[in-house]
Amino acid sequence: MEAARQSPRQYNVHEAKTHFSKILEAVATGEEVIISKSGEPVAKVIPLRGKVRRTARGSLTAPVVLHDDFDDLSDDPGLAEAFGLDAEGPTE
């Protein structure tokens, strides 16, 4: 069963200026806020990124796989050089 979707909170320009921090906190938690001028909606404040909801350990949907050579720098000479590594190991 789908949860009923709430309509966004609405603030007039004066309220928005007065409660700007409160509005940003609400948006940061995933809410959308409408700003109105003379009773007409003129802007919507929305989160830049969707909120990641992690409810418990093991919330990833697929297993994470690390291959045996995940830290092998041999195929990237530029990266190896940047960290002072060569074919024989660290340089001194």
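Visitor: Why does S38 count as exposed?
Guide: S38 has 76% relative accessibility. Exposed means over 50%, so S38 counts as exposed. Bear in mind that this is a predicted model.

Visitor: Where is S38?
Guide: S38 is in the loop between β2 (33-37) and β3. The hairpin of β2 and β3 has two residues between the strands.

Visitor: What makes the phi of S38 worth a remark?
Guide: Phi of S38 is near 55°, a positive value, and the residue is not a glycine. Most residues other than glycine have a negative phi.

Visitor: How do you know that β2 and β3 pair, and in which direction do they run?
Guide: Five bridges join β2 to β3. Pairing needs at least two bridges, so the two strands pair. They run antiparallel. Within this pair, I34 stands opposite K44 in β3.

Visitor: What makes β1 and β2 a pair?
Guide: Four bridges join β1 to β2. The cut-off is at least two, so β1 and β2 pair as well. These strands run parallel. Here Q10 stands opposite I34 in β2.

Visitor: Why is the pairing in the sheet called mixed?
Guide: The open sheet has three strands in the order β1-β2-β3. β1 and β2 run parallel, whereas β2 and β3 run antiparallel. Strands of a sheet can pair either way, through backbone hydrogen bonds.

Visitor: Which strands stand at the edges of the sheet, and why?
Guide: β1 (9-12) and β3 do, because each has a single partner strand. One side of each is therefore left without a neighbour in the sheet. Neighbouring strands of this sheet are turned by 30° against each other on average, direction ignored.

Visitor: Why is β2 called largely enclosed?
Guide: Four of the five residues of β2 are buried, so the rest of the structure largely encloses this strand. Buried means under 20% relative accessible area. For the chain, 12% of the 92 residues count as buried.

Visitor: What lies across the sheet strands?
Guide: Helix α2 (residues 20-28) lies across β1, β2 and β3. The helix runs at about 160° to β1.

Visitor: How many helices and strands are there, and in which order do they run?
Guide: The chain has three helices and five strands. From the N terminus on, the elements run β-α-α-β-β-α-β-β.

Visitor: Where is L48, and is this residue buried or exposed?
Guide: L48 is found in the loop between β3 and α3. L48 has 85% relative accessibility. That is over the 50% needed, so L48 counts as exposed. The C-alpha atoms of L48 and V27 are separated by 8.9 Å, with the two residues 21 apart along the chain.

Visitor: What makes up the nonpolar surface patch?
Guide: L60, V64, L66 and F70 make the patch, which covers about 480 Å². L60 is in the loop between β3 (40-45) and α3 (77-82). A patch residue needs over 30% relative accessible area. L60 has 55% relative accessibility, so this residue even counts as exposed.

Visitor: What is the accessible surface of the chain, and how much of it belongs to carbon and sulfur atoms?
Guide: The accessible surface comes to about 8,600 Å². Carbon and sulfur atoms hold 53% of that.

Visitor: Which share of the contacts joins residues 24 or more positions apart?
Guide: Such residues account for 26% of the contacts in the chain with a separation of 6 or more.

Terms used:
Residues numbered from 1 in each chain as written. Predicted model: local features only at pLDDT ≥ 70, side-chain atom pairs only at ≥ 80, totals over all residues. Heavy atoms only, no water. Buried < 20%, exposed > 50% of the residue type's maximum accessible area, 1.4 Å probe, protein only. Contact = heavy atoms within 4.5 Å. Areas by Shrake-Rupley, 256 points an atom, 1.4 Å probe, with all protein chains shown as cover. Patch = residues over 30% accessible without salt bridge, like charges linked within 9 Å, V, L, I, M, F, W, Y side chains within 5 Å. Salt bridge = Lys/Arg side-chain N within 4 Å of Asp/Glu carboxyl O. Axes fitted to C-alpha atoms, helices over the stretch in contact; angles between N-to-C directions.
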